[in-house]
Amino acid sequence: MSQFTHPDCQRAMDAKEEHDAAERAAMIAVCLISSARMVSNLDSEYTSYSAQYLVENAGRKNESPQDPQPFTIQNCLAYLVDIACPKPETEQRAPDERRNTLTLKDCLECALRDGLPLAEHWTHLGCVQKTPPFASSIPRVPMKGELVEAETSEEASKLLMLQPVGAKLHVFSPEFDLVREEGFYEGPAGPESRYVGLRDVMVTGNGATKKGPFLEVKIVYKKKESFLKVSTTRVLTSLPNDSGEESQLAEPTGLLVDFIIPRFSD
C-alpha cells in the first residue's frame, strides 16, 4: 500500500492475513468486468474499475438507498475534516456481516444494476473510512448486459473462448501453498490435508500437461496474486464439515465450481 494510505486503513490491512470474502469477490469481479468490456470493445483499453465500491454496495438488495447529498465544497471540507485524524479502534466502523457472505455473483449483479465508478474515482480497496455523504454524485460507468453461468469445466471452457471466466476454487492446505507459483494443483493429497474453503478465482486459460487437462486461474490468496493450473479431472466426493469430520457431498464435484461471466452489450 502507498505511504500516503490513511493510518486507520493501514492498521486494518496490517491486521489481516488475508482479504475477506467481500474483497476477494470484488477483486475478481472487477477483473472480469474490465476484461469483458475490453473484449466487447466497450473500452478501448483495459480500464480499472473500483473493487471497493462493490465491497460497500453489493448485496444490499433489501436496503433502501440513502438520500443523496449534493457535491459541494462545504460537504467535501466537512468530510475531509472528519477523516483527517486517525480514530481509536472503538470509533471505527461497525462490522458489516454482509461482507462475510458476499459472492462474486452479488458483485456482478450490483455492477450491472448500478454501474461502476473508475478505480481512481473511489476509495482504495480495504478503506475503512465511512462513505462520503455525496458518494451518489460520483459518476459511474453504466454496465448493460447479463450474467451467464456454467455448471461444468467443459461448459466453462466454451465460455473461455470468448472471455475470462469467474469461478470458485476448493482450496486445501498445505497442497495449495506448495503449488502457488505456477504449479499444478490437484487438491487434497492425504489425511493431513486441511480444507481452507472456497476462494474466488478468474479462469484465464486451459490446456493439458502430463498430469492431465487443466484450467489456469488467477487467484489472490493471503494478499498475494498468483496464477496456477488446476486439474479438471480431480473429483471430490466429500468435504470436512464444521466439526472437522468428512461430510459426503450430494454429488461429486470438481475443484472448480460456480462458473460465471458478465456478457456486455452496447
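The model described here is a predicted one. Helix 2 covers residues 21-39 and reaches 27 Å from its first C-alpha to its last, which is close to the 27 Å expected at 1.5 Å a residue.

The two ends of helix 2 each have a feature that can be found in the structure above. At its start, a side-chain oxygen of Asp 20 comes to within 3.2 Å of the backbone nitrogen of Ala 22, while just after the helix, Asn 41 takes a positive phi of about 65°. Arg 99, which belongs to the loop between helix 4 (73-83) and helix 5, is in contact with Asp 20, Ala 21, Ala 22, Glu 23 and Val 55, once its neighbours within four places in sequence are left aside. Arg 99 has a relative accessible area of 18%, and since buried means under 20%, this residue counts as buried.

## The chain as a whole

The protein chain has seven helices and nine strands, and buried residues make up 46% of its 266 residues. Among the contacts between residues at least 6 apart in sequence, 73% join residues that are at least 24 apart.

## The largest nonpolar core

In soluble globular proteins, nonpolar side chains tend to be buried together. The largest nonpolar core of this model has 32 residues, and those that touch the most other members are Ile 33, Leu 54, Cys 107 and Leu 116. Helix 2, helix 3 (51-57), helix 5 and strand 9 each supply at least two residues of this core, with the largest share, ten residues, coming from helix 2.

Which residues of helix 5 are buried? They are Leu 104, Asp 106, Cys 107, Leu 108, Cys 110, Ala 111 and Leu 112. These buried residues pack against helix 2 and helix 3, and also against strand 1, strand 2, strand 4 and strand 9. Helix 5 is followed by Gly 115, whose phi is positive, near 80°.

Strands of a sheet pair through backbone hydrogen bonds, either parallel or antiparallel. In this model, an open sheet of seven strands has the order 1-9-2-4-5-6-3, and its pairing is mixed. Strand 1 (145-150) and strand 3 (184-185) stand at the edges with a single partner strand each, so one side of each is left without a neighbour in the sheet. Strand 3 runs parallel to strand 6 (residues 224-231), joined to that strand by two bridges, and Tyr 185 stands opposite Val 230 in strand 6.

Two helices can be seen packing on the sheet. Helix 5 (residues 104-114) touches strand 1, strand 2 (165-173), strand 4 (194-209) and strand 9 (256-264), and its direction makes about 160° with that of strand 1. Helix 6 (residues 153-160) touches strand 1, strand 2, strand 4, strand 5 (212-221) and strand 9, and its direction makes about 55° with that of strand 4.

How many bridges join strand 2 to strand 4? There are nine, and the two strands run antiparallel; in strand 4, Val 201 is the bridge partner of Ala 167. Strand 2 also pairs with strand 9 in the antiparallel sense, over three bridges, and here Lys 168 stands opposite Val 257 in strand 9.

## Backbone details to look for

A cis peptide bond joins Ser 173 and Pro 174, with omega about 10°, and Pro 174 lies in the loop between strand 2 and helix 7 (175-178). Lys 223, in the loop between strand 5 and strand 6, has a positive phi of about 65° although it is not a glycine, and at 35% relative accessibility this residue counts as partly exposed.

Asp 258, found in strand 9, is another residue other than glycine with a positive phi, near 55°. With a relative accessible area of 47%, Asp 258 is partly exposed.

Notes
Residues numbered from 1 in each chain as written. Predicted model: local features only at pLDDT ≥ 70, side-chain atom pairs only at ≥ 80, totals over all residues. Heavy atoms only, no water. Pairing = 2+ DSSP bridges. Helix = DSSP H or I, 4+ residues; strand = E, 2+ residues; numbered from the N terminus. Contact = heavy atoms within 4.5 Å. Axes fitted to C-alpha atoms, helices over the stretch in contact; angles between N-to-C directions. Expected span 1.5 Å × (residues − 1). Polar contact = N/O pair within 3.5 Å; in protein donor to acceptor, adjacent residues only side chain to side chain. Buried < 20%, exposed > 50% of the residue type's maximum accessible area, 1.4 Å probe, protein only. Core = buried A, V, L, I, M, F, W, Y, C linked by side-chain atoms within 4.5 Å.
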